Amino acid sequence: MKSIGLDTSGKMIVKGPQKAKGTLTVSGAKNAVLPIMGASLLTDDDIDLRNVPDLADVRTMIEILESAGKVIERFDDQLIIKSSGNINSEIPYEPVRKMRASFNVYGPLTLRNGYAKVALPGGCSIGARPVDFHLEGLKKLGIESTIEHGFVTSKLNNPNSFINISLPFPSVGATEHVLTTACLLEGVKTTITNCAIEPEVTDLVNFLNKMGAKITGGGTSILKIEGVKKLSGVKYTIIPDRIEAGTYIILGKLVGEKLTIKNVSAEHLNSLFSVFDNIGSPVDYDEKKREVKVAETLLNPLNSISMETAPFPGFPTDLQPQITTFLSLVPGRSTITETVFKSRFYHIDELNRMGAKIRVEDNTAIIEGVNKLSGAPVEATDLRAAAALLIAGLVAEGETIISNVDHIFRGYENIHEKLEQVGIELIYEK
Ligand code: EPZ
């Protein structure tokens, strides 16, 4: 497999239908490791991270931390982040263009140098993604921002001693950004309400507390932070990736044959498990082994369902395209209402090219189940759409060519090798 670039131009050729047989192991969570790597800017001590997935987005965050003055060593799934002795507070446009999550270094860099200049994240194919909640929250922490020529520049003012921040929506990124920044405001007591409670946010809280932060309320929608003078280096292991796990469970429900998915945290996927309960195909989870045994289920009588995405513990928007592929083959009419990224439906036209019958009204996809899909040339617009089209290609009859497929390397570690391991044949061409 060629090394990961970040132009998304590669294509994947999938001949279907195929069967997946054997064992897949879930890697560390992309959406946990990225904010945790960003938080390393809060200390000059060494940070030793384990279970770090090898993903394009992780490489972009490495690029950003190195441009900020960090020295990074990588050994398999271990990442050691060291200080070079100085912190550069100006982050160029290129890495932020590639990955929005990089914007979250803005607050920590401001604390380290009293100012920061970071490119404003641009548009995104899954819908509008402004950072107004981030900037509003940071402003309450005393960080003034000016937007000019596509960059945000900050100035650190003396914060109040008691700060209350109520987020208009439980935004994952805004919660992580404000919480990380508030940790190092010595003696300042910050309360953030209506926080996101995604497992990745809780992983960040646990990491920061291990560095010596004083955060209470982890896992709840109210976080209380007492700022400290200094944070120390730690060794920390990243949680498994629930979105990768969910993607493979959905894949297994369509093309699995004695497929085992290891390193799955059921407590992070209850919403997916209950969707499959409603569909009439419960997920077989082994608590002790933390693994799922899954097999193709389409031959069983299945129920069409109505569901919606929502912030955790609701059904994750990052599994919406994949479950849409599944429901396109369930008899009857199903609906999916997307409440997080209201226009996250770019995969629909591509699935319809493969014979699905789906239409979108406002932020709801209305799916008339069909009994088969057929292979076709399709285009991936983002990471999760790429995964949904790959799954569709594996169950469809004939050849599917997915162009712009490199998006998939942003969030699925070694996906080609992992699928090959369970007997799936894919051809990747750059
Ligand atoms: C995180 O994005 C994830 N990314 C996304 O995963 C995920 O889809 C999303 O959370 C929701 O679960 C990472 O963790 C790196 P939000 P984030 O702020 O933080 C609006 C993937 O595939 N909003 O929770 O950007 C926003 O437009 C990626 O792995 C504002 O209006 O999501 C959206 O409608 C894709 N203003 C909603 O809130 C703001 O300042 C939720 O966004 C911030 C957000």
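Which residue just after H11 takes a positive phi? Select Gly355: its phi is about 100°. Helices (H or I, at least four residues) and strands (E, at least two) are DSSP runs, numbered from the N terminus.

Some housekeeping before moving on. This is a predicted model, where local features need pLDDT of at least 70 and side-chain atom pairs count only at pLDDT 80 or more, while totals for chains, interfaces and linings use all residues. Residues are numbered from 1 along each chain as its sequence is written, and side-chain values use heavy atoms, with hydrogens and water left out.

**Stop 1: H11**

Now select H11 itself, residues 346–353. Show what they pack against: helices H10 (320–327) and H12, plus strands E20 (357–361), E21 (364–368) and E22 (377–379).

**Stop 2: the cores**

Next, colour the nonpolar cores, which are sets of buried Ala, Val, Leu, Ile, Met, Phe, Trp, Tyr and Cys residues joined through side-chain atoms within 4.5 Å. The largest has 72 residues, and Leu272, Ile323, Phe326 and Leu327 have the most contacts inside it. H12 (residues 383–395) gives the largest share of this core, nine residues. A second, separate core of 68 residues includes Leu55, Leu138, Ile163 and Ile238.

Click on Leu272. Leaving aside neighbours within four places in sequence, Leu272 is in contact (heavy atoms within 4.5 Å) with Gly246, Ile249, Ile250, Phe315, Leu319 and Ile323.

**Stop 3: the ligand**

Ser171 places a polar side-chain atom 2.6 Å from a ligand oxygen. For Gly173 a polar backbone atom is 2.7 Å from a ligand oxygen. With Asp318, a polar side-chain atom lies 2.6 Å from an oxygen of the ligand. Taken alone the ligand exposes 830 Å², and the protein buries 85% of that (Shrake-Rupley areas, 1.4 Å probe).

**Stop 4**

Is Ser89 buried or exposed? Ser89 counts as buried because its relative accessibility is 1%. Find Ser89 in the loop between E5 (78–83) and E6 (90–91). A polar atom of the Ser89 side chain lies 3.3 Å from the backbone oxygen of Leu109, and the backbone oxygen of Tyr115 lies 2.9 Å from a polar atom of that side chain.

Among what covers them are E6, E7 (117–119), H5 (132–140) and H6 (172–182). Gly114 follows H4 with a positive phi near 80°.

**Last stop: a hairpin**

Finish with E4 (residues 70–75) and E5, which pair in the antiparallel sense over six bridges; pairing takes at least two DSSP bridges. Lys70 stands opposite Ser83. Two residues sit between the strands of this hairpin, and Asp76 takes a positive phi near 50°.

Notes. Buried means under 20% relative accessible area, exposed over 50%, partly exposed in between (1.4 Å probe, protein chains only). A polar contact is a pair of N or O atoms within 3.5 Å; within protein, one must be able to donate a hydrogen and the other to accept it, and residues adjacent in sequence count only if both atoms are side-chain atoms.
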